[in-house]
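Let's take a walk through this structure together. Keep the 3D view open and follow along as we go.

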Amino acid sequence: MGAEGRRLRNSIALTRREMLAAGVAMMAQLPAGGAATAGATTGSMTLAWHTAMAPRWLDPQDHDGTATPDNFLTALHDALIKNFGTELYDHRSLAERYEFDKDGKSATFWLRDGIQFHNGDPVTPEDVKFSYESYRGALASTFKAKTEAVDIVDRRTIRFRFKEPFLDFLLLLGSGNVTGAGWVVPAKYYQQVGPDGFKRKPIGAGPYKLAAIEPGVKIQFEAFENYYRPVQIKNFTMVAVPEAATRLAMLERGEADIIYGLPGELVDRVKNNPKLMLAPVLSGSFWLELVGFQDPKSPFHDKRVRQAISLAINRAAINDAESAGLGRVSGNWINDDVQFGLPWPELEFNLEKARALMREAGHPNGFTVDWLTPLAPFYSRGERVVAQLQAIGIRAKLQVMERGVFLQRIQAGIRQWPGVQIIMHGARIGGTWANWYESFFKCGGFNAVDRVCLPELDAKLDRYKSSIDPAPRKELAEEVQRAIMDNCYLVPVFRHAFMNAIGPRIAAHKWQDVFPTITTGYAYPWEDIKLKE
Amino acid sequence: MRQFIIRRTCYSLITLLILSLTIFTVVRLTGDPATLMAEPGARAEDLARVRSQWGLDRPWPVQYAQFVQNILAGNLGISFNYRMPVSELYFERLPNSLQLALAATTLSFLIGIPAGLLSAVRVDGAWDQVGKVIALLGLSVPGFWLGLVLILIFSVWLEWLPTGGKNDWHNIVMPALALGWYFAASLLRLTRSSMLEVMRSEYIKLARLKGLPGYVVIAKHGFKNALVPVLTLAGVNLVVMVNAAVVIEVVFAWPGIGRLLYEGIFQRDFPLVQGVVVLAGIMIVLVNLVIDILYAFIDPRIRLTR
């Protein structure tokens, strides 16, 4: 090495003291516990929630199987894997990696290093095991029936072993709007305070820790400084505001930054205000069930009648009126954002064709439907369908039921729906197409009960569930959905938009910056939402 | 007097028993809460587990007996939705409702009584017509509409007051006005009619004949006597405002008992609805009992009535 080389080496080399100083400076930048280097976590954000806030939504162990707890769990808790952005279920969160055996009989997860709960305790495999084994919410019985054992391999590794191939394990575990089995709670603390105590003062491993709670009214969070991802906003408040007009007024005044559940009549006020941003998140599907179509005496038994009904529905008009045109009129009754959900082209609106089919089917003057009953509170949607069916001579009366009564009658089977009846369902179910089918179509399904019984399609579902090969599974899933659509066993109406709005303080170029995920209608991930400079 | 108090207390207890039976039956007629508490994909055994967990699988008479026994022990049950004792939830919200009700009562006094007085003194005159319009609007304008209009004007357009919630005194102004407005109208009407009745009485004529100044006749002899039924109504109104300001509390996101009741009904939370209604009933019955006893003290003839 010549003199020039030595000079160069000396100019870039650091002394031992300088190295130490640099090291200390770098360490000082890093939060403890392996947390991510965050920018300045400052400011505050308020979400105006649209119903009362139940403390049970803060406890993943009591997950009710709906999308609602998602909004709270994603702030307070974290899961091994979860839905995130466009990742349906397998985004690695507390688990830095996982392996799922090819035979579907075990799954192994490796936890991130240095992750903590809000009380400073480390997240351990023991916590994961406790959370899974003591889970008692939606689909708990499915997990319990299929799981042989949960083994703690080492201080960061945990393995789930199954009695039989459990191909949907990851999908279910990671679908936060289907089940809470994948969310991890601190075992020691949970056992110490009990389920009710936990609901009052929950501790999680999520980006926000609880600061204060007024049951049903307000929840205040504070950024968790040791979260493994940067959390942008320091204080976060969720406040329950049941009245939509009040929520909107709060957004207009800057008292709230994000609001949910805007009814159609208020949408224009957001659209016309340049400071606000509308966030129409594509959400649940609505469809018609023609009750008793398998009975030869029912007018719906004739496929041409079912087709005529489908052709008589002006889906675009319903979408315009009900979702300000921001829903989707094409598609399957099953949302296509679930696994193996089959995309389906837009269904035709053609009254001439519909009338011709009714004539061919022997109903030139139509017929009378005793009742058309929509899911509460979507009565106006039912009213529109009633009006549209008149164009082909189908005379129906609208039956309005309170939601609880509606669900009770749905779940009581066909004896609750005598005569000629149409039910207008609406649902948003996560995970996989099979969850929709099992609930609303399968003979003996929770919501289908005995109203629909097509053994050949149910047999295909059974084959699908017992198969461990993805290709035939996909094929079977599509075959079943195609059969339903081709035969008009169910008549899709539209997918409505869950209307939300964003206030001027939130940094967002487009609404998808705050609502990027396709699996939930709520803003998420909370830690990524930023305020404007 | 002792017999009178015992008799009235028995009537009050019977009223509460009927109330508890009515609310117990009515909430159950709305259907099975298990379907709302279990997950949508729940199987029959999951629903049965939920029913058993909350004692909903037992016969109604057994459930009712348990309910009454619990009330007597001061236990209103555990809310299905909040998983917390109903009494804890109720008493957590009670100060908020009391605050709102007191503010609304004060406002209704400030509007209703002077306007009623003026209407009675200037009967069929311009002030009386204004009073009639205020009473008509107060009783016919729905609270939710008035609330939303107030929000639009004072929060959105003028930006003077916050929209909803409960932080400081600014938050109470609009809900108190919207709630007090209706009760102001009823106070106005009662003050007016009561004053008219009193002003037609013999002792007022005597006071005038004695040459007392008009304002003394109105203030000292008229208004003082006309105020008795008005205060009685105000007392009952206050209890109603505490427990049943459902619409106003929902519109203004005010965390009171009315909103708690609304949430309970919406979620088919039997223990919560039963608890709130029974506590409200106890309050109303107690207020009425106290008023009855006070009347009996003042007017001995009442003690003799059956």
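Start in chain B, where Arg83(B) lies in the loop between α4 (60–72) and α5 (86–121) of chain B; helices (H or I, at least four residues) and strands (E, at least two) are DSSP runs, numbered from the N terminus. The phi angle of Arg83(B) is near 55°, a positive value in a residue other than glycine. Arg83(B) has 18 other C-beta atoms within 10 Å, so it is partly exposed. For that label, a residue is buried if 20 or more other C-beta atoms lie within 10 Å of its own, exposed if 12 or fewer, and partly exposed in between, with C-beta atoms placed from the backbone.

A word on what you are looking at: this is a predicted model, in which local features need pLDDT of at least 70, side-chain atom pairs count only at pLDDT 80 or more, and totals for chains, interfaces and linings use all residues. Residues are numbered from 1 along each chain as its sequence is written, while chains are lettered from A and ligands numbered from 1 in the order in which they are written. Chain B averages a pLDDT (the predictor's confidence in each residue, from 0 to 100) of 87, and 95% of the residues score at least 70. For the complex, the predictor gives an ipTM of 0.79 and a pTM of 0.81.

Now cross to chain A. Here Phe340(A) sits in the loop between α11 (315–323) and α12 (351–360) of chain A, with a positive phi near 65°. Phe340(A) counts as partly exposed because it has 19 C-beta neighbours inside 10 Å. Look too for the cis peptide bond between Ala376(A) and Pro377(A), with omega about 0°; Pro377(A) is in the loop between β13 (367–374) and α13 (379–389) of chain A.

Next, find the open sheet of 10 strands in chain A, with mixed pairing and the order β8-β9-β10-β1-β11-β16-β12-β15-β13-β14. Strands pair if DSSP finds at least two bridges between them. At the edges stand β8 (208–214) and β14 (394–398) of chain A, each with a single partner strand, so one side of each has no neighbour in the sheet. β8(A) pairs with β9 (residues 218–223) of chain A in the antiparallel sense over six bridges, and Lys209(A) stands opposite Glu222(A) in β9(A).

Finally, how do the chains meet? 35 residues of chain A are in contact (C-beta atoms, placed from the backbone, within 7 Å) with 32 residues of chain B. On the chain A side, α8(A) gives the most, with six residues.

Terms used:
Contact = placed C-beta atoms within 7 Å.
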